[in-house]
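I opened my notebook for a friendly look through this model. Here is what I looked up, entry by entry.

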Amino acid sequence: MALLWIILLACAFGAGLLLGRRRSWQRQRSSDVLQPSREQLLSWLDQAPLGWLILDRKNRVRFINARAQRMLQIPASETPPFFLGELAAISSLLDLIENARDHHQHMRQEWDFEGQKLEIFAFSGQQNSVALLLQSRRSLEAQLNQQERWVSDVAHELKTPLTALLLVGDSLAATVNDQNAVQVERLLRELRRMQDLVGDLLELSRLENALPGHGISHEGIAIQSLISEVWQGV
């Protein structure tokens, strides 16, 4: 009987020890989880390159960062809280805000404001709050145009040295011998593949600047020969 009590006490002690270690591990794990404070989150939004507004259920502006104030031409002296409806110039946003609040999902709208092309996203939150994200459509279009120009410039810059390499490869092929025939053949094959890639980049740049549906051609692809070519390259 005494032995049974000793075994039960040992089991209880071991279970308590394991439970204590598990709780300690859980506390340590929860302390490692990053939980930014409200002030930290608002500080990040205030420094963001995009415009941010946070509205309460009565459409009072509770937070607005400097970027949004400049985009909406709100004087710096106008500090939260203030009603969004008091700004007559942006009262057309109220429908977007109400739709996001009623459907409990984000809404998007393009908006021309004082000569600016803006894109606005509305996100519904707790207690019928709504967050507005504002970004300039002109900056996005400028980035896309810059990317298209970059692709075209890179393709043109690659075309000249690649043509020179192909001429060198053709010269080597004219003087090939049994020892380097395989290497020269592979060199020419890879150079022609690079030439095709540069041509595809130029074609892609041309299609991006063309009207939708114009200048698009379709070709059939011989899958077996393509796979064989790739396999030989590997």
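This is a predicted model: local features need pLDDT of at least 70, side-chain atom pairs count only at pLDDT 80 or more; totals for chains, interfaces and linings use all residues.

Where is the place of Asp56? I found Asp56 in the loop between strand 1 (51-55) and strand 2 (60-64).

Residues are numbered from 1 along each chain as its sequence is written, and side-chain values use heavy atoms, with hydrogens and water left out.

Next I checked burial. Asp56 counts as buried because its relative accessibility is 13%; the cut-offs are under 20% for buried, over 50% for exposed and in between for partly exposed, with a 1.4 Å probe and protein chains only.

What does the side chain of Asp56 reach at 3.0 Å? That is the backbone nitrogen of Lys58. Leaving aside neighbours within four places in sequence, I also see Asp56 in contact (heavy atoms within 4.5 Å) with Arg62, Arg101, Asn128 and Ser129.

I then followed Asn128, which sits in the loop between strand 5 (116-124) and strand 6 (130-136). At 36% relative accessibility, Asn128 is partly exposed. Its phi is positive, about 60°, although Asn128 is not a glycine.

Last, I turned to the loop between helix 3 (66-71) and strand 3 (82-83), where Pro81 lies. A cis peptide bond, with omega about 0°, joins Pro80 and Pro81. Gln73 lies in the loop between helix 3 and strand 3 as well, and this non-glycine residue has a positive phi of about 55°.

Key
Helices (H or I, at least four residues) and strands (E, at least two) are DSSP runs, numbered from the N terminus. A polar contact is a pair of N or O atoms within 3.5 Å; within protein, one must be able to donate a hydrogen and the other to accept it, and residues adjacent in sequence count only if both atoms are side-chain atoms.
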